Amino acid sequence: MRYEMVVGLETHVELSTNSKIFCSCGGHSAAKEPNDCVCPACCGMPGMLPVMNKRVVELAVTAGLMLNCEISRYTTFDKKNYYYPDLPCSYQITQLNHPICTNGCVTLKTTSGERDIHIKQIHMEEDAGKLVHVGKASYIDFNRTSVPLIEIVTQPDFRSAEEVLVYLNKLKTMFRSGGISECEEGAMRCDVNVSVRPEGSTEFGVRTEIKNMASFESIERAIRYEVQRHIDAIEFETEELVQETRRFDEASGKTFAMRNKETAADYRYFPDANLMPVIIDEEWLEEIKAKMPAAIDEKADYYREAGISEKEIDMLIHNHNAGELLDRVVALGCDAKGAAGWILTDCAGILRKNGKLLGDLELGAKDLAAIIKMVDDGRVNRMSGRKILTAVMETGVDPAAYCRENALDAQADRATVERVIDTVLNENAKALEDYRNGKVKAKQALFGACMKALKNTADTALIRELLDERLSQC
Amino acid sequence: MSDYVVKLSDQGTVAVDDTILVKGVQAAAGSRILEGFRPLFSAEAVTRLEKKGYVVSGKTQVGEFGLDLVGEFSYYADKEEELTGAAAGLVSRGAVKAALGVDLNGAPRRAAALSGVDFLKPTYGTVSRYGVISCAASGEQIGVYAGNVESIGEIMGVIAGHDGKDGTSLREESYDYRTDLAVRGKKVCIVRELLDRADGEVRGRVEAYGEKLRKNGAAVEEVSCDLFETANTAWQILMDAETCNNVSRYDGVKFGHRAAEYKNIDELYVNTRTEGFNFLTKAVILYGSDVLSKGRYEDCYGKSLKVRRVVAERFAELMKDYDAVLAPACGKAAYKAYDIRDAFETVFQESVFTSVPNLTGIPALACGGVQLMGKALNESVLLSLAGSVERAGGSL
Ligand SMILES: [Zn+2]
């Protein structure tokens, strides 16, 4: 018999906010030492009251809009009770009854065609702290407590491990481009619900849940293992399947049932009376929508039409700074393909030389557009353009002023260039001789000498054209 | 017995109870579980008083987490025969001008009534709860004890007002705590069902107070209203559930008391909490945990939330015809010492007089040994009614 797997996902994503969800502590990424980013509130001391961070609501709504969800206009918080030393209040603030987003849908492009994955809900919640075990002692680091998370719960719509990976990568790309989450290692964690059934059946099989996996690779391995375990159990009666919570063991590649004690808890959810319901009115929703970046698929299609390569599209979508700069430079009238080259080759090269990454890019769109226009209009050559760009990026000078002060835009005319070429050829008899003997490299040396003599004041294309013409006569 | 857990100043003008934080001073809410806990900040109400030049005299004794009748079950106080309440006692002896207390389940109103001083539990959300050792966020509120309504108005004028640190704080521009509104023409009702629950001496007090109000020009009449029993059950359920949740952070891991003997984390929790909480708090934790559990939630907690809405609506309906309700603050004219194993039931019975204001957020004023309840944000009516009686003179 052929079997079909039925998988649903609960994905926890850490939000990129400047402060925690209910207090003003910086996020744990700002922490250097354990318990660097803590205050009486996120340590569970009495007397402190949670105060809602508006930015968390905005990011959760943005995520919901990206996943085509209905946005709740009235959303409330609940307390989930359990005892663990890394949970300072002995309860977690989360959303049970009125989650912020519901009923979404995302379309995946997989090797077997397009698939719709339905989103049941997205809710906001706070993270817990971390236990550190040293020898026989245990220590608690509260830097992570109250760091804002969203949990995205899908319907059991996945039918292959590949679909799960496409979905997770899509979330990652979307959330990065939308400034929702950096999605670094550990900032995305998944619980996976797995069951199998005979192909064509509409009934659901026994469901198991694999908890808390942080890497995509583990998730894929765990699903493959668990699906096979279910099939074996049904087909060969190797064991009896029970609804339970399991964990994935990296080393053995197997899943194991968790102790009943860890899973049988009654969390006694109830409304948090310290937090008033959050009302999302039309005005606020419109404000959030206006700040949203274009949908990624739309954006990629737009880049593709402009003739930008797939590799560059990928870089632009993953680098929020670069993508945004390109959009703004294009809005100022520059050609998209050309501008993409400036950003991804020239800017990236200059950053690299200074030991930085594309993500560190801080360049005004107006400055870059001015430089691109100077080059496109033929006022300065490509090389001078790059020189100006370097100066602007390193010292923040004004491009036009820098160009003027360094006489980069004094364009040499055709006669001047011909005169300089003649002088260069006379002074470099050895190189000329080499060229005649078939050494192609020698031509590059002669070109370089011409550029130097002209001090970058001529169009490089013109130099090349006239040099080729002159050499063919020699 | 000492009235203070920690005494700070002989020149102090205002005492605060041990559930309200003063920076650097042990705050234990009368419980062993918080022994040695020194807060890093002061309650907003304390900060506002200090900014206006009031000096805090010290931290007064309260019953563990304010759950008992009048403060009889504090870990830090000796047993007494006659139960009265520390803050109310200090005010009645004139040792301080006023005191702050947290009204979670009517204890300050009962204490004030027994000592013959005033205590105002203001409208929910008017005084910031920032810096209160919280049990039931949805109904607890800081209030003021004083010897007369003028002093209550003065202190409320300082501590009331919006605070961004408390998400439940109201955003009103200002509040009215005048004490001299005209009493003539005001309508007051006495609820028969509450009167019937009190002993003869208390009934006599309520009737005498009604007579004084009548003399001052108010119309006073008896009505029948069956809300209070149901409201009390609902509030006890909500309060126990919220308290169970809020005290669950006291686990011996981070601060306060920790058991000396434990072999693993579960024993650390169990031994610490067994030693740290008194019998009444344990009963509240068990009851609160039960009403939130699967299978019980809808019938207990869920239903109590609905009752809260219905009581608020029906009380508002009653208050269309009246400006205030005159009622006992407690069922007995005096409390004698009793066994803590009877406390859960005893407090439950006595709270029938005090629960509606905690459940629905309306203001209540203990005065002259009785209690006045009113409409939300209508404190000035209650203060003026009581003021007319106080100014006419003649003690009870
Ligand atoms: Zn904090």
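At 2% relative accessibility, A:Cys42 counts as buried, a term that stands for a relative accessible area under 20%, with exposed meaning over 50% and partly exposed the range in between (1.4 Å probe, protein chains only). The model is predicted, so that local features need a pLDDT of at least 70 and side-chain atom pairs count only at pLDDT 80 or more, whereas totals for chains, interfaces and linings use all residues. Residues are numbered from 1 along each chain as its sequence is written, chains are lettered from A and ligands numbered from 1 in the order in which they are written, and side-chain values use heavy atoms, with hydrogens and water left out.

**The zinc site**

The zinc ion has as its protein donors the SG atoms of A:Cys23, A:Cys25, A:Cys39 and A:Cys42, which lie 2.2 to 2.4 Å from the ion; donors are N, O and S atoms within 2.8 Å of the metal (3.2 Å for Na, K and Ca), and sites may look incomplete because water is not among the atoms. The angles among the four donor atoms run from 99 to 115 degrees, and the site is tetrahedral, a label given to four donors if all angles lie between 85 and 135 degrees. For comparison, the ideal angle for four tetrahedral donors is 109.5 degrees. Along the chain the donors follow the spacing C-x1-C-x13-C-x2-C. Within this set, A:Cys25 and A:Cys42 are 17 residues apart and link distant parts of the chain, each lying in the loop between strand S1 (3-14) and helix H1 (54-66) of chain A; helices (H or I, at least four residues) and strands (E, at least two) are DSSP runs, numbered from the N terminus. Like A:Cys42, which is buried, A:Cys25 is buried, with a relative accessible area of 10%.

**Chain A as a whole**

Chain A holds 16 helices and 16 strands. Its radius of gyration, 30 Å, is well over the 23 Å that the globule rule gives for 474 residues, so chain A is more spread out than a compact globule; the radius is taken over C-alpha atoms, and the rule is 2.2 Å times the number of residues to the power 0.38. Taken along the principal axes, the C-alpha atoms of chain A fill a box of roughly 90 × 60 × 55 Å. Of the 474 residues in chain A, 50% are buried. Among contacts in chain A (heavy atoms within 4.5 Å) with a separation of 6 or more, 69% are between residues 24 or more positions apart.

**Aromatic rings and charges**

Over all chains, the structure holds 18 aromatic pairs; rings of Phe, Tyr and Trp (its six-membered ring) pair if their centres lie within 6.5 Å, and planes under 30 degrees apart count as stacked, over 60 as edge-to-face and the rest as tilted. One of these pairs, A:Tyr83 with B:Tyr269, is tilted, with ring centres 5.5 Å apart and planes at 50 degrees. This pair joins two chains, because A:Tyr83 lies in the loop between strand S4 (78-81) and strand S5 (91-94) of chain A, while B:Tyr269 lies in helix H8 (residues 265-276) of chain B. A:Tyr83 is partly exposed, with a relative accessible area of 34%, whereas B:Tyr269 is buried at 8%. A:Tyr302 and A:Tyr303 also form a tilted pair, with 5.8 Å from centre to centre and 50 degrees between the planes; here A:Tyr302 is partly exposed at 39% and A:Tyr303 is buried at 0%. In chain B, one aromatic cluster is formed by B:Phe37, B:Phe65, B:Tyr250, B:Phe255 and B:Phe277.

| Charged residue | Ring | Distance from ring centre |
|---|---|---|
| A:Lys79 | A:Tyr91 | 4.4 Å |
| A:Arg464 | A:Phe447 | 4.1 Å |

A:Met124 is placed in strand S7 (residues 113-126) of chain A and is buried, at 0% relative accessibility. Not counting residues up to four places away in sequence, A:Met124 touches residues including A:Met52, A:Val56, A:Phe77, A:Ile100, A:Leu149 and A:Ile150. The C-alpha atoms of A:Met124 and A:Pro148 are separated by 7.2 Å, although the two are 24 residues apart along the chain.

In chain B, B:Ser57 belongs to strand S3 (residues 56-60) and is buried, with a relative accessible area of 1%. Apart from neighbours within four places in sequence, the contacts of B:Ser57 include B:Tyr4, B:Leu8, B:Val14 and B:Val96. B:Glu44, in helix H1 (residues 44-51) of chain B, is buried at 12%. With neighbours within four places again left aside, B:Glu44 is in contact with B:Ser128, B:Tyr130, B:Asp163 and B:Lys165.

Methods:
A charge sits over a ring if NZ of Lys or CZ of Arg is within 6 Å of the ring centre and within 35 degrees of the ring normal. Four donors count as tetrahedral if all angles lie between 85 and 135 degrees; four count as square planar and six as octahedral if opposite donors are over 155 degrees apart and all others between 65 and 115; anything else is irregular.
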